[in-house]
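Here is a briefing on one structure, grouped by topic. Keep the sequence and the coordinates open while reading.

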Amino acid sequence: MKYKLLLLDIDGTLRPSGYERIPQENAEAVNAVQKAGVKIAIATGRGRTGVGKGLLRSIKPDGWVCAGGAQLLDNKENDLALHRLSNEEMYALVDFFEDYELPLRFTFHDANYAYIGYQMFVEREKAKNLNNHIVDGEDQDHHLVEMPFGAFGFIPRALSQKFQEKYGYLGLQFLYSYPGSDDCDISETGVDKGRGLCELAGLMGIDPSECVAVGDGDNDVPMLRAAGLGIAMGNASEPAKAAADRIAPMAEPCGVAELCRSLWPEAF
């Protein structure tokens with residue numbers, strides 16, 4: 001089968017852990033595959049505003065699945081689909097995270113606003129070379145400009161269960177990055193990278209069976225399952241590996257480049 005769309009996670013996949021930007025070799029390999037006729041999409045938990053200038057080097061995606069599937073964009077970075085949180089959902093998160101003094105941020109078009117725990121976000125971002133364009137939003141008023149379409153917090157899993165006990169009727173889901181971590185994307189039920197893959201592929205006239213999805217975290221599982229070929233990096237979490245059809249090399253130093261050369265040798 002000739003695959004027509006390649007969806008790539010950023011952190012832990014295109015960008016190995018600790019790297020400031022994706023390796024040049026990865027960028028060149030992805031560009032070669034794109035030149036050979038395969039559409040390229042970035043599928044990330046980051047909102048588009050959180051993908052800083054220079055992070056992807058020379059890669060110019062044909063589409064984007066951002067904010068864990070809540071924001072889809074075309075190659076000119078115009079919104080194709082947007083799944084915003086409701087007032088009730090947003091306020092429930094703020095109230096709960098404030099009660100337990102947990103960091104919480106929301107994704108908007110212009111930036112990620114930390115409504116709670118801005119300084120902790122700054123420290124963690126710096127430690128992991130993430131630079132997600134997070135600003136101090138502890139005035140908690142940016143939702144008066146527009147409602148957020150993504151949320152991210154640091155919350156122990158036991159407390160996420162407590163949230164569900166109190167607010168389970170809202171249908172919010174907590175998608176953790178890796179086993180044992182406390183960082184998670186928060187979205188409405190059914191909004192994830194898997195749905196984003198299907199939506200984006202459909203808009204491009206491509207069947208999900210003609211897609212290759214590559215990721216490394218628990219939040220990539222829906223995407224790996226939805227694609228015709230789901231590939232987990234060698235450094236991926238066990239749930240991601242279990243959901244994948246194939247295991248790729250380690251992300252570091254240039255695992256995506258190796259993968260591209262093996263899947264599309266004619267492009268090199």
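Helix H8 (residues 255–263) has Gly255, Val256, Ala257, Leu259, Cys260 and Leu263 buried. Buried means under 20% relative accessible area, exposed over 50%, partly exposed in between (1.4 Å probe, protein chains only). Helices (H or I, at least four residues) and strands (E, at least two) are DSSP runs, numbered from the N terminus. This is a predicted model: local features need pLDDT of at least 70, side-chain atom pairs count only at pLDDT 80 or more, and totals for chains, interfaces and linings use all residues. Residues are numbered from 1 along each chain as its sequence is written, and side-chain values use heavy atoms, with hydrogens and water left out.

**Helix H8 and the cores**

- The buried residues of H8 pack against strand E1 (5–8), helix H1 (24–35), strand E12 (211–215), strand E13 (229–232) and strand E14 (246–247). Contact means heavy atoms within 4.5 Å.
- The largest nonpolar core has 34 residues, of which Leu6, Leu14, Leu56 and Val212 touch the most other members. Such a core is a set of buried Ala, Val, Leu, Ile, Met, Phe, Trp, Tyr and Cys residues joined through side-chain atoms within 4.5 Å.
- Two or more residues of this core come from each of E1, H1, strand E2 (39–43), strand E3 (63–66), E12, E13 and H8. H8 gives the most, with five residues.
- Leu56 touches Ile10, Leu14, Ile22, Ala27, Ile42, Val51, Pro61 and Trp64, not counting residues up to four places away in sequence.
- A second, separate core of 27 residues includes Phe106, Ile116, Met147 and Leu170.

**The open sheet**

- Six strands form an open sheet in the order E8-E7-E6-E9-E11-E10, with mixed pairing. Two strands pair if DSSP finds at least two bridges between them.
- Strand E8 (134–136) and strand E10 (172–176) are the edge strands, each pairing on one side only.
- The twist averages 30° from one strand to the next. Axes are lines fitted to C-alpha atoms, for helices over the stretch in contact, and angles run from 0 to 180 degrees between N-to-C directions.
- Strand E6 (residues 104–107) and strand E9 (residues 150–154) pair in the antiparallel sense over four bridges. Arg105 has Phe152 as its bridge partner in E9.
- Helix H2 (residues 87–99) packs on the sheet and touches E6, strand E7 (112–116), E9, E10 and strand E11 (183–188). The direction of H2 makes about 160° with that of E6.
- Helix H3 (residues 118–128) also packs on the sheet, touching E6, E7, E8 and E9. The direction of H3 makes about 150° with that of E8.

- Lys193 lies in helix H5 (residues 193–203). Lys193 counts as buried because its relative accessibility is 2%.
- A polar contact of 3.0 Å joins the side chains of Lys193 and Asp9. A polar contact is a pair of N or O atoms within 3.5 Å; within protein, one must be able to donate a hydrogen and the other to accept it, and residues adjacent in sequence count only if both atoms are side-chain atoms.
- Lys193 and Val65 are 128 residues apart in sequence and 6.9 Å apart in space, C-alpha to C-alpha.
- Glu146 sits in the loop between E8 and E9. Glu146 counts as buried at 14% relative accessibility.
- The side chains of Glu146 and Arg84 are joined by a polar contact of 2.7 Å.
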